[in-house]
Protein chains: 4
Amino acid sequence: MARYRAGILGATGAVGQKFVEVLNGHPWFEITALAASERSAGRPYGEAVNWIGSTAIPEEISRMEVVPVTPDLDCDFVFSGLTANVATSMELAFAQAGYPVISNARSFRMHADVPLLIPEVNPDHTGLIDRQSELEGYIVTNPNCSTVGLTCALKPLHDLFGLEAVQVTTLQALSGAGYPGVASLDALGNVVPYIGGEEDKLRTEPLKLLGTLTQDGITPADIKISAQCNRVPVLEGHLECVSVKLKAQAVADDVRRAFELFESPVRHYHLPTEPPSLLQVFTDEYFPQPRRHVELGGGMTVGIGRIRPCEVLDVKFVVLVHNTVRGAAGGAVLNAELLVRQGRLASRLQEQTV
Amino acid sequence: MARYRAGILGATGAVGQKFVEVLNGHPWFEITALAASERSAGRPYGEAVNWIGSTAIPEEISRMEVVPVTPDLDCDFVFSGLTANVATSMELAFAQAGYPVISNARSFRMHADVPLLIPEVNPDHTGLIDRQSELEGYIVTNPNCSTVGLTCALKPLHDLFGLEAVQVTTLQALSGAGYPGVASLDALGNVVPYIGGEEDKLRTEPLKLLGTLTQDGITPADIKISAQCNRVPVLEGHLECVSVKLKAQAVADDVRRAFELFESPVRHYHLPTEPPSLLQVFTDEYFPQPRRHVELGGGMTVGIGRIRPCEVLDVKFVVLVHNTVRGAAGGAVLNAELLVRQGRLASRLQEQTV
Amino acid sequence: MARYRAGILGATGAVGQKFVEVLNGHPWFEITALAASERSAGRPYGEAVNWIGSTAIPEEISRMEVVPVTPDLDCDFVFSGLTANVATSMELAFAQAGYPVISNARSFRMHADVPLLIPEVNPDHTGLIDRQSELEGYIVTNPNCSTVGLTCALKPLHDLFGLEAVQVTTLQALSGAGYPGVASLDALGNVVPYIGGEEDKLRTEPLKLLGTLTQDGITPADIKISAQCNRVPVLEGHLECVSVKLKAQAVADDVRRAFELFESPVRHYHLPTEPPSLLQVFTDEYFPQPRRHVELGGGMTVGIGRIRPCEVLDVKFVVLVHNTVRGAAGGAVLNAELLVRQGRLASRLQEQTV
Amino acid sequence: MARYRAGILGATGAVGQKFVEVLNGHPWFEITALAASERSAGRPYGEAVNWIGSTAIPEEISRMEVVPVTPDLDCDFVFSGLTANVATSMELAFAQAGYPVISNARSFRMHADVPLLIPEVNPDHTGLIDRQSELEGYIVTNPNCSTVGLTCALKPLHDLFGLEAVQVTTLQALSGAGYPGVASLDALGNVVPYIGGEEDKLRTEPLKLLGTLTQDGITPADIKISAQCNRVPVLEGHLECVSVKLKAQAVADDVRRAFELFESPVRHYHLPTEPPSLLQVFTDEYFPQPRRHVELGGGMTVGIGRIRPCEVLDVKFVVLVHNTVRGAAGGAVLNAELLVRQGRLASRLQEQTV
């Protein structure tokens, strides 16, 4: 069934492992290369990896030999779960060598010529790829995990009412810090009111995502965003308390309807990883909760609840996003699926067939 | 040493237990009556109580017999840790019977003639007691636990710059819900984005606390406050992410200095439970944290950190308050101490001496 | 596809909810009756239930009307998730009214004429049903959640080597206490070294399960079992540290092989809920862990690790069991499947067909 | 007041920090040297340390300059909180240079000439110091944290009844693994059923502690001990489920009395850190619990509960020990106090006085 051969860069890391999980049984993509650091290369994946997931490693993946991260992998394109410090040079090397690089790293997110992509939000931004003509391949990125939840919620409000200002306070899961990540003595029964770089990403990435593609690249949206980011003792699922000031007049019920009526612009593509609904609105005021609702839509649906008037701005509400699925590996896989449908991902199998 | 005999209403509950802890070794107050429901009355306190603290029950308290909650207790005044549903009638009954009632319950907090009190914030509001002339005794209340942290932080800003608007998102500890309180299956590794009634208290109580006492009662402060309240898996300590819009021009450094230079208006009273400093400002951006800093100043100091510009309002910062000490029992004891110094608490011992 | 209509008694409780989850998409059983207390009866299940699971309630179940727990349900048999205090009378009433009762409650587990059943351990014990001739229907039970894990591990050792004595210390998940169950202030960052009744169940239930069916009922196995039970802050999965004294000479490697070579006596039945393997042996000494391995075999596989010599008895090892799936709802469903294959569950549909 | 000047080796580590906490306000010992790795040396302690405690660093300690770990410190003796890999060479170097080394590291615990010491258990074992004549100074060690709790409980049973065999399963706190220690993704809502080296320490260290000092050194006690060690999501406090086989006939009540009647052999020394009672027996079967009882006796008392017959051995019970106080820094300080009283710690101040 699968017609595209995918490589995973950083396959033994926390994000790499999530790629393996999300791609398990994927109808279009087959993992043909697992690339990781020298320490892991040459060993079977099942031995090289410190598997942190709660599902078993697929048998055939477990036996695959890990290869070094060099741009000669046996695959049609690569997912990158590399950490930023190596991603910058490596992703560029792969793109130069002709590989489409579907990256989860932050290195190129804000680069003027690189799409920062959520298929339901800004599918046309893949047009930026044409500006990467100096590369044989190309680079496409997905946003920071907390950005994804916020931006999916902001999208229908931006379209319908216009956004002037956004206040967001996040309660972010431990898995967002990777592995080993946060020390248990810092995490257990505690909150850490700071996450390095996170507030800046929340301030800037949504502007590019909600921006407009022109001949000169992306014109960012003009929205003031203020973020306060906290780490809480939750395994999976970032919760975000959001308050918005809208350009048009709108009350809480209008905002609720905007969420409920939102339609994915890529629905017609029938992307395998796209959930039945991007947004799910809860009416129970105790919802959404990370532990109960993070797996909605296979972890690809963003939950929204507690929509009500804000005494300072206009309307406030709560957003929940699965940070390692929708906010990382799942989002990247959905990006790759979009690129397939847009004819921007070629499989060598196809070429050979031709 | 102790010259005032204190009764505790609701002595076996979570708040009542905290009163016992906080009053242990108090230089002015001696517990002479432990009152609780019929189920507990007649039994030694140590047997009647399901003690949830991590320090042992003081020996002599453990042996005291619990008495019913009737306004004939052997004491000079009472601390009330009653739940709101019984507090309304019982606190009134005690006040009618001549007891000063220092209450932690919410029943009378917003009553026009009842002081809502934080000694370092509005010590003059005890003047409202004079409006309770229909009672033999009187009622004084302390604010909701999350209100206390917020208001202590807002006080110097309100004084120096004036406040127009406040956005606050709270991450509240489990102990704030009492015992048994939140089910562990709801709490562990989870966030519950709703706490009944809490957002309304945060919207209204600070206005009374920061209001002005006139001949006609309290004129509330004119500040727009918007709150989002979450329950997080932390044992003690509410963390609050605050953003403020000021009336006067002020930047983050001005706000920091306002916190650092704040002086308690009741310092000259040398109240035993008043901490060396109401506010402690942290410069480490990972601080304050509930588990590490909640016990500052014996749980009576409010921690503040991450003071920085806000992209939407003016300045944002993080506040930490010990919800069961400063935010409940400790706050009430400090209120009683203020009333002693103001000559509003009479001890029968004194009377007998005279 | 489904040919048997199942009722669930106590459908809104924690165990009842797990029955709903486990039966979702079941090839043989269809839920046709959701019975719960008067408070819930008459309301749609989705409204009546405080759903604690992390998967959504199946749509059609959510809309079903809850009915009272009276023995006139529209179904071929019932699963009972009732608490023991009501189970005693109600399960008997249903059995008298002609319903097979597949119970998870403890009420009849040790009754001489009632099978206590784990299909892979003692499938022939269903023969006890014939001793319930005074009933129109019958009662079959599954063991206590911690008993299940222990007994599955003991089974091959009992068969191959004989067991003299067993020491077991359990680290049990919060979900085992139902909902609301353990208070979060007792659970978070804590261990409670006592679970009411649990140690006694571990001492007695395995003897019945590993006993022999004779004409006079079950002759229990003759094994001394000593248990120490602890509640730990884990959501799902009981971990048990076991040490055994064997009758025959055997070392750790023999014990490991016994686990690895164990074959289910009901494999030929192809029961839908039976996992590929009852026991999974881990060689990584850090495994099994509740959070990582509880979902093995859909929660129906028992994990075993750290097999090594014991300095006091003979061999020690660690066992992990999913307490609400294998140890409760999943175990009961597997029991029902066995009864179908043994011809002891009749469907009215079948009758009508005939 | 303080007459002995103490140095701390590894002062910035988790154990070193606990030494600072425990020594704060100590009547005999004053910290005069804080030694740590090259990375920290030369900086004020308050800046060099990542302080993980929940109390503030004492002001004067915070300002002290950290010095390198070289045997020329300005102090009368040293506490060693070094990790084993550096402790071996460094502790020897300090002892050779004339310093008494009171060590918490495991390096020399089982060395034939080095006392492994719990003052209430084997105070005479300091006699071993005389066998270290090749050193100018000497080395004394305290046991592994889980060993301490177990051995304190075994001591009265060993004295009164004799011990044949001991089964122990531990539930150990995260702080036992130091900092950063266990990753939060491994700890939260999970149990790890293995702690490297721990079971071996529990098997061997108690035998030395309960052994007899002869002219040829320690004759270890002859007890079979089998341990199973687990890491649980608790911050402080190791819980241990123990079962014992006694040489003399004794039932649970005899064992309880043995615990209750135990008298410390060093009581007459009035050591400042010795708690009022080494052992505290609980009758509430839900006790002891780590979160509630770990601070008993300032963290120096060992809690015991659930004393009852064992179906396999003789008697079983639960033990709780504060792993970083009694089980580490507090235990080492108590050792130093014993050495003072035994005349084995000389202060240069004394020398100068003479």
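**Exercise 1. Work out how many residue pairs are in polar contact across the interface of chain D and chain A, and describe that interface.**

Step 1. Start with the polar contacts, where two N or O atoms lie within 3.5 Å; within protein, one must be able to donate a hydrogen and the other to accept it, and residues adjacent in sequence count only if both atoms are side-chain atoms. Between chain D and chain A, four residue pairs meet this rule, both residues being at pLDDT 80 or more.

Step 2. Next, look for salt bridges, meaning a side-chain nitrogen of Lys or Arg within 4 Å of a carboxyl oxygen of Asp or Glu. Chain D and chain A have zero between them.

Step 3. Sort the residues by class, with Ala, Val, Leu, Ile, Met, Phe, Trp, Tyr, Cys and Pro as nonpolar, Asp, Glu, Lys and Arg as charged, and the others, Gly among them, as polar. The side of chain D that touches chain A then has 12 nonpolar, three polar and one charged residues.

Step 4. Now the area. Buried area is the accessible area (1.4 Å probe) that two parts lose on being put together, summed over both. For chain D and chain A this is about 1400 Å², with 73% of it on carbon and sulfur atoms. On the chain D side, Ser184(D), Leu185(D) and Leu188(D) lose the most area, together 48% of what that side buries.

A note before you go on: this is a predicted model, in which local features need pLDDT of at least 70 and side-chain atom pairs count only at pLDDT 80 or more, while totals for chains, interfaces and linings use all residues. Residues are numbered from 1 along each chain as its sequence is written, chains are lettered from A and ligands numbered from 1 in the order in which they are written, and side-chain values use heavy atoms, with hydrogens and water left out.

**Exercise 2. Find which strands stand at the edges of the sheet in chain B.**

Step 1. Strands (E, at least two residues) and helices (H or I, at least four) are DSSP runs, numbered from the N terminus. Two strands pair if DSSP finds at least two bridges between them.

Step 2. Write down the order: six strands of chain B form an open sheet, S3-S2-S1-S4-S5-S6, with parallel pairing.

Step 3. Read off the ends. Strand S3 (67–68) and strand S6 (138–141) of chain B each have a single partner strand, so one side of each is left without a neighbour in the sheet.

Step 4. Check one pairing inside the sheet. Strands S1 (residues 4–9) and S2 (residues 29–36) of chain B pair in the parallel sense over six bridges, and Tyr4(B) has Phe29(B) as its bridge partner in S2(B).

**Exercise 3. Decide where Glu236(C) and Lys18(C) lie, and whether each is buried or partly exposed.**

Step 1. The side chains of Glu236(C) and Lys18(C) meet in a salt bridge of 3.7 Å, N to O.

Step 2. Glu236(C) sits in the loop between strand S10 (224–231) and strand S11 (238–246) of chain C, whereas Lys18(C) belongs to helix H1 (residues 14–23), 218 residues apart.

Step 3. Apply the cut-offs: buried is under 20% relative accessible area, exposed is over 50%, and partly exposed is in between (1.4 Å probe, protein chains only). Glu236(C), at 22%, is partly exposed; Lys18(C), at 14%, is buried.

**Exercise 4. Describe the salt bridge of Asp159(A) with Lys155(A).**

Step 1. The closest N and O atoms are 3.4 Å apart.

Step 2. Both residues lie in helix H5 (residues 145–160) of chain A, four residues apart, about one turn of the helix.

Step 3. Asp159(A) is partly exposed at 47% relative accessibility, whereas Lys155(A) is buried at 14%.
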